Each structure stands twice: as structure tokens, then as C-alpha cells.
Amino acid sequence: PVLRVAIMGLGSYGTRVAEAMQQCTKAKLVGVISGTLSKIAAWQARYNIPAKNCYNYENFDAVKDNPDIDAIYVITPNALHKEQVIRVAKAGKHAICEKPMAVNAADAQQMVDACKKANVKLLIGYRMHFEPKTLEVIRMRKAGEFGAIRFFQGLSGFVIGDPSQWRMNKALSGGGAMMDIGIYSINGARYMTGEDPVWVTAQETKTNPAKFKDGLDETIQFQMGFPSGAVASCLSTYNMNFLDKFYLNGEKGFAEMQPSTGYGPIEGKTHKGPLTQPHITHQTLQMDGMAALILENKQPVVPVDGEEGVKDMKIIDAIFEAIKTGNKVSLSWQK
Ligand code: NAD
């Protein structure tokens with residue numbers, strides 16, 4: 001069986017996912033949801049999408065009665081994800097949602113609850129969880145090859161361009177660099193160490209306060225502490241390019257990846273030598289991997305479900321609280 005997917009939001013990342021899906025064997029692009037008729041027409045022609053699988057943001061609830069679509073991949077501005085995923089769930093379709101899954105943990109939890117209630121799956125677009133060099137480092141860590149993990153460093157940033165884009169509008173983005181790119185260091189700290197943090201501290205700085213107005217973070221340094229005693233030191237920024245590096249050190253060894261989360265190829269080495277796993281388009285691996293999770297009930301190496309997304313949102317909430325209060329903020333993971 002093949003997972004039949006409709007993409008909601010035909011922007012730059014939606015287009016990248018659609019192109020990558022052309023190489024998938026288990027997932028197929030069969031539908032679109034868009035507010036722009038000219039984009040729908042272009043996608044229909046390029047991907048051979050029938051008119052009956054095309055929807056807009058007003059009428060997509062009717063996908064409920066379309067037996068030819070299994071899942072909807074939401075690739076719209078961050079603040080829209082919550083309502084859109086909940087509508088997808090109510091239509092009885094599996095939801096795949098881009099990161100950040102929402103703009104805070106409370107909204108994210110509502111999405112998880114709605115999907116649970118509707119008995120549909122919710123997966124978050126964490127493409128690195130399917131990337132071969134990343135998975136090799138995780139395998140080595142689980143095998144004890146680094147010894148006890150003591151330290152992670154995550155550096156995530158790029159220079160944001162056009163100030164009129166939705167990423168620079170808090171109502172649509174929920175925040176600045178942290179929601180967009182800093183989340184890679186948060187998620188990476190968790191999959192590289194294999195632990196969830198129990199405290200965070202954070203400091204915000206701005207080199208361009210005129211561009212980064214209230215609620216739009218430019219640069220945040222943050223630290224996390226893990227139950228084992230391991231610590232992480234991270235930087236999230238919208239003020240420099242080529243900032244894409246992970247470093248993991250244990251008692252006995254290290255892994256270093258740069259670039260670590262870009263579209264690839266990922267490059268890296270460990271104390272045992274270079275990482276040589278092949279580069280395959282991340283979104284192709286992700287969509288085939290997600291099809292296997294949904295259709296074959298496979299278990300991922302690193303979770304990509306809604307609960308995994310909620311964890312990152314809880315950490316982002318804590319980072320913003322730490323900045324506001326100047327305090328060390330504790331996190332607990334009991335339900
Ligand atoms: P984009 O601006 O290129 O595309 C967004 C799309 O949403 C556009 O087609 C736009 O028309 C549509 N849209 C619908 N309602 C809108 C509204 N009210 N206001 C503005 N646009 C609206 O953005 P993008 O780069 O494709 O990002 C979309 C999502 O994908 C974001 O959540 C982003 O974080 C995520 N993303 C993830 C990755 C990744 O590697 N996983 C990479 C890029 C973006």
C-alpha cells in the first residue's frame with residue numbers, strides 16, 4: 001500500500017516536499033489544499049492531480065468524504081498549524097505537520113488530543129529523524145561508543161531576509177529564530193543525548209533591535225541540563241549564515257556534524273573516523289519513513305509523533321520564560 005498525501009500550503013517548503021516525494025516508493029502526492037487558484041492549476045499539471053483532490057482553506061473539511069486521500073501534510077505558517085491540524089483530524093485523516101507544530105505547548109497538546117480523539121495519527125516534520133548519518137550517531141550513542149554523554153553543543157542560525165515575510169510577523173510565526181531554526185538545536189540536543197532536559201536557562205540579545213521588534217527573537221543563547229548530569233549549550237539566531245553545527249561529547253568519544261540539519265549533505269565525523277552514510281534527499285526518506293509508520297505501524301528510531309513535538313514546544317515555552325524572568329526554569333515530564 002502507498003500513503004496518499006495531500007499537501008496544504010504550496011509555498012517554498014511545500015514545493016520542496018512535493019519534489020522529494022516524486023522519488024518516494026511508499027508515499028504519493030495525490031492532492032492539494034491552497035488559497036491560490038493559479039498554484040493549484042500549476043500543481044495539478046506538474047503532479048497529475050485530479051480536480052476532485054483539490055481544496056481551499058474554506059472547504060477542505062470535505063476531504064472527510066474523499067476516500068482517495070489518507071493524510072494531509074500541513075506546511076503553512078506556524079500559527080495556522082493548530083486550527084488546520086484539528087480540522088484535518090475532524091475530517092478523519094492522518095495529519096503530518098511541519099515544525100514548530102504550534103506556537104506554544106498548550107496549543108500543541110490540543111492538537112495531540114484532537115488527533116487521539118479522532119483516532120488518526122499526528123506526525124511532525126522532523127526530517128533529521130530519518131537521516132542516515134544522524135541515525136548512525138544515535139546508534140553509536142545507544143551502543144555506548146561515546147561512553148556516558150556529558151555535553152552537547154547546538155548552533156542553529158541563518159540571516160533572515162525580507163522583513164515583510166510571515167516569519168517576521170509574530171501573529172503568524174509565534175516568534176523569531178527560536179521557533180524557526182533554534183528548534184533544531186532543541187530537538188537535536190534531545191536525540192543526540194537521548195534525554196529530555198530537566199532545566200533551562202536562556203539569555204536574549206539583539207544586534208538589530210529595529211528589525212527584531214517585540215516578541216521576535218533574533219539571538220538566544222540557552223543551556224539545558226539533563227537527568228544524567230549532561231549539559232547542553234546552544235545558540236539560535238537570525239543574524240548569521242552557515243551556523244549549523246552539532247557537537248556531542250561523552251566520556252570516551254565525540255561526534256561532530258557540520259552541516260548538521262541543513263538540507264544536506266550532512267557532514268560529520270566521530271572519534272572513530274568520518275561518517276560515510278549516503279546522502280539521500282531528506283524529505284524523500286522522511287515521507288517513505290512516515291508512510292511506513294502510518295501504514296505498517298513501524299516504530300521510528302526517534303519518535304516523530306505529536307508528543308515528541310509537544311516536548312520541543314514545552315522547552316521553547318521554558319526558554320521564553322527563562323528570558324523573561326532571568327530564572328533557571330525546571331521542566332518535568334510526568335503526565
Ligand atoms: P512559505 O511562506 O514559503 O509558504 C507558506 C505557504 O502558506 C504559502 O504558500 C502561503 O500562501 C500559505 N499560506 C496560507 N495561509 C497563509 C497566511 N494566512 N499567511 C501567509 N501564508 C499563508 O513558508 P515555508 O518556508 O514553506 O514554511 C512553511 C512551514 O514549513 C513553516 O511552519 C516552517 O517552519 C516549515 N518549514 C520546515 C522546514 C523543514 O526543513 N522541516 C523548512 C522550511 C519550512
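In the predicted model, a polar side-chain atom of Lys39 lies 2.9 Å from an oxygen atom of the ligand, a polar contact being a pair of N or O atoms within 3.5 Å. Local features require pLDDT of at least 70 and side-chain atom pairs pLDDT 80 or more, whereas totals for chains, interfaces and linings use all residues. Residues are numbered from 1 along each chain as its sequence is written, and side-chain values use heavy atoms, with hydrogens and water left out.

Two further ligand oxygen contacts were computed. A polar backbone atom of Ser12 is 2.8 Å from an oxygen atom of the ligand, and an N or O atom in the side chain of Arg167 is 2.9 Å from a ligand oxygen atom. The ligand is surrounded by 23 residues, the closest being Ser12, Asn78, Lys99, Arg127 and Trp166; a residue is counted if one of its heavy atoms lies within 4 Å. This shell comprises 11 nonpolar, 6 polar and 6 charged residues, with Asp, Glu, Lys and Arg taken as charged and Gly placed among the polar residues.

The fold contains an open sheet of 6 strands with parallel pairing, in the order β3-β2-β1-β4-β5-β6, where pairing requires at least two DSSP bridges between two strands and a strand is a DSSP run (E) of at least two residues. Strands β3 (54–55) and β6 (122–124) form the edges, each pairing on one side only. Strands β1 (residues 3–8) and β2 (residues 27–33) pair in the parallel sense over 6 bridges, and Ile7 stands opposite Val32 in β2.

Note on methods: Helix = DSSP H or I, 4+ residues; strand = E, 2+ residues; numbered from the N terminus. Polar contact = N/O pair within 3.5 Å; in protein donor to acceptor, adjacent residues only side chain to side chain.
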